[in-house]
Amino acid sequence: MLLDGNITEDFRTLIERRGVMAEFSLTLSEDQIQIQKWVHEFAENVVRPAAHEWDEREETPWPIIEEAAKIGLYSFDFIANAFADKSGLLMALVSEEMAWGDAGIGLSIFGTILAVTGIFANGTPEQIGEWIPQCFGTVESPKVAAFAVTEPDAGSDVSSLRTRAVYDEKSDTWTLNGTKTWITNGGISDIHVVVASVDPELGSRGQASFVVPPNTPGLSQGQKFKKMGIRASHTAEVILEDVKIPGSCLLGGKEKLDERLARVREGKKASSQAAMATFEASRPVVGAQAVGIARAAYEYSLQYAKERRQFGRAIIENQAIAFKLADMATRIDASRLLVYRAAWMAANRVPFNSGEGSMSKVFAGETAVHVTEEAIQILGGYGYVREYPVERWHRDAKIYTIFEGTSEIQRLIISRAISGIHIK
Ligand SMILES: Cc1cc2nc3c(=O)[nH]c(=O)nc-3n(C[C@H](O)[C@H](O)[C@H](O)COP(=O)(O)OP(=O)(O)OC[C@H]3O[C@@H](n4cnc5c(N)ncnc54)[C@H](O)[C@@H]3O)c2cc1C
């Protein structure tokens, strides 16, 4: 098995393997089926029974994260193996099952993955080996991690970040100053991956990603937000006041950054900027979470429609209800197929020339909103009250049209990709 020895070596193998393309196939391997089953059991027996409680408490469900760590589900090894899956499908399968259990708790457990993806997409093999395991902590004392891009005045427009990173050559130290907002696990994480501007004149191409190590002075949590949905997931501001970190915390290293900035200043093409590289890779995984919520609501309302009787017959015997369910099933399948294709492309480094990553995210996110709303309709009054899970699924689903790029921004990416025109 990969990752049973030297972490840096293992990641090197992983990075090398990225050059070998896997065939696209929808037939899951025996391994994938086993892992899917294992995660489903955890989602069914541990996550779902706790979903209502943690939604009401609006707190990070540490006991559940600890349970996930104990069985190895929340662990560096497991996530690294999932990332190493050449088909790209494993992370999508796992994400769908967890969100099927509960999206808020799922995000509390797997929100860390965004920071992991940020390190993996931008870091050197040494940085990957050093920081990614620390994102998870240990089985006895699991930790979470955060990926901080968004700011009060820079949401969709990532190019206008104001958080500044200034380098002091003498001490080989970076100093970070700024405010990040809406950060999942912000302020409660051991590792914060922060995207900051090193050269504001260059916009998004003058940005870089930094690891802020545990307990670094100057990093603190600001306001914690009370949200509509995914309430078990912690979302807060992160304040950076003269945060000093060593040069080695710049992901990718100074030499690579200087080369990139020089190319940009000369007007040459440079590789995609820090935040975008992370979001590109994570979109299918986020889409898979939306599929999980939609599937939960669909399964529940299908069962309900068979049991609930009005006018002397099951409500599913009315086409008005049965056709809703037919459409829900169709849209969920279509979403999953888009997610699988994008996940395979991302894992095999096939460029998203037609915005395939965005297609998977926008379609799955909007499907989750639509399907959960239809599920409420099928349950009638029972769909609208908190004794039943369906209204929670609808509240949870809505975030999937907002975070990691709103639906409008996904459409912008797709329309630019298919037209070659810089649509505004
Ligand atoms: C619960 C939650 C968790 C989050 N977690 C994280 C996290 O961990 N890390 C992180 O960095 N960020 C995180 N975010 C931030 C999230 O990614 C942003 O909220 C999102 O990108 C939108 O930015 P905004 O809220 O500033 O909206 P704005 O960018 O102000 O957009 C407002 C509206 O205008 C539309 N719009 C904007 N520009 C255009 C355009 N050019 N064309 C058409 N329409 C446009 C948008 O689509 C939207 O409908 C999180 C947000 C939430 C709510």
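Start by selecting Leu338, which you will find in helix α11 (residues 319-347). Before you go further, keep in mind that this is a predicted model.

**Stop 1: around Leu338**

Is Leu338 buried or exposed? It counts as buried, because 23 C-beta neighbours lie inside 10 Å, and the cut-off for burial is 20 or more. Now show its contacts, leaving aside neighbours within four places in sequence: Leu338 touches Gly287, Met359, Ser360, Phe363 and Ala364. For a sense of scale, draw a distance from the C-alpha atom of Leu338 to that of Gly247; the two residues are 91 apart along the chain, and the separation is 40 Å.

**Stop 2**

Next, select Arg349, in the loop between α11 and α12 (356-379). Check its backbone torsions: phi is near 55°, a positive value in a residue other than glycine. Most residues other than glycine have a negative phi. Arg349 counts as exposed, because it has 10 C-beta neighbours inside 10 Å.

**Stop 3: another positive phi**

Jump to Asp172, in the loop between β2 (164-168) and β3 (173-184). Asp172 is not glycine either, and its phi is positive, near 50°. With 12 C-beta neighbours inside 10 Å, Asp172 counts as exposed; the cut-off here is 12 or fewer.

**Stop 4: strand β4**

Now select residues 191-197, which form strand β4. How many of its seven residues are buried? The count is seven of seven. In a regular strand the side chains alternate between the two faces of the sheet.

Strand β1 (residues 145-148) pairs with β4 in the parallel sense, over four bridges; look for Ala145 opposite Ile191. Strand β5 (residues 207-212) pairs with β4 in the antiparallel sense, over six bridges.

**Stop 5: the domains**

Zoom out and colour by domain: domain 1 covers 12-143, domain 2 covers 146-265 and domain 3 covers 274-419. The centres of domain 1 and domain 3, taken over C-alpha atoms, are 20 Å apart. Where these two domains meet, 29 residues of domain 1 are in contact with 25 residues of domain 3.

Which elements give two or more residues to the side of domain 1 that touches domain 3? They are α2 (30-57), α5 (89-101), α6 (103-110) and α7 (112-122). Highlight α5 here, as this helix gives the most, with nine residues. Colouring that side of domain 1 by class shows 15 nonpolar, eight polar and six charged residues.

**Stop 6: α2 against α6**

To see the contact, show Val47, Ala50, Ala51, Trp54 and Asp55 in α2, which meet Gly104, Ile105 and Gly106 in α6. By class, this contact has five nonpolar, two polar and one charged residues.

Note on methods. Residues numbered from 1 in each chain as written. Predicted model: local features only at pLDDT ≥ 70, side-chain atom pairs only at ≥ 80, totals over all residues. Domains from an automatic or database assignment. Contact = placed C-beta atoms within 7 Å. Nonpolar A, V, L, I, M, F, W, Y, C, P; charged D, E, K, R; others polar. Pairing = 2+ DSSP bridges.
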